[in-house]
Amino acid sequence: MAKSHLTALDADIIRSAFLKQIHESNAPESQWPEMAMQLVQSYTGQREVDPDMQDWISGGGDGRSKILAIP
């Protein structure tokens with residue numbers, strides 16, 4: 001399903017999928033931004049990803065410590 005823009009619900013769906021993916025794959029934190037970008041690209045069908053969206057999904061900044069706390 002290609003979408004030209006993301007709603008808040010879309011972003012939440014992608015972030016939930018991202019959290020599940022890093023939890024199941026045990027991916028190192030250095031791979032998170034790339035994983036987030038690939039999820040957005042796959043969902044939207046577009047190559048360009050908003051850097052702020054990618055950062056929010058991958059937990060950039062203060063969000064990383066919260067993601068790492070997920071059991």
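User: Okay, which backbone oxygen lies 3.0 Å from a polar atom of the side chain of Ser-58?
Analyst: That's the backbone oxygen of Gln-54. Such a polar contact is a pair of N or O atoms within 3.5 Å; within protein, one must be able to donate a hydrogen and the other to accept it, and residues adjacent in sequence count only if both atoms are side-chain atoms. Quick heads-up: this is a predicted model, where local features need pLDDT of at least 70, side-chain atom pairs count only at pLDDT 80 or more, and totals for chains, interfaces and linings use all residues. Residues are numbered from 1 along each chain as its sequence is written, and side-chain values use heavy atoms, leaving out hydrogens and water.

User: Is Ser-58 buried or exposed?
Analyst: Buried, because its relative accessibility is 1%. Buried means under 20% relative accessible area, exposed over 50%, and partly exposed in between (1.4 Å probe, protein chains only). Ser-58 belongs to helix H3, residues 51-58. Helices (H or I, at least four residues) and strands (E, at least two) are DSSP runs, numbered from the N terminus.

User: Switching topic: how many aromatic pairs are there?
Analyst: The count is one aromatic pair. The ring centres of Phe-18 and Trp-32 are 6.3 Å apart with planes at 85°, so they are edge-to-face. The rule takes rings of Phe, Tyr and Trp (its six-membered ring) with centres within 6.5 Å; planes under 30 degrees apart are stacked, over 60 edge-to-face, the rest tilted.

User: Which helices does that pair tie together?
Analyst: Phe-18 is in H1 (residues 8-25) and Trp-32 in H2 (residues 32-44), so the pair ties together parts 14 residues apart in sequence. Phe-18 is buried at 0% relative accessible area, and Trp-32 is buried at 4%.

User: What about H1, which residues are buried there?
Analyst: Asp-10, Ala-11, Ile-14, Arg-15, Phe-18 and Ile-22. They cover an arc of only 130° around the axis, so they're on the same side of H1. That arc is taken from the directions from the helix axis to the C-beta atoms. Leu-9, Lys-20 and Glu-24 are exposed on the other side of H1.

User: Why would residues three or four places apart point the same way?
Analyst: Because an α-helix has 3.6 residues a turn.

User: And what comes just after H1?
Analyst: Asn-26, which takes a positive phi of about 55°.
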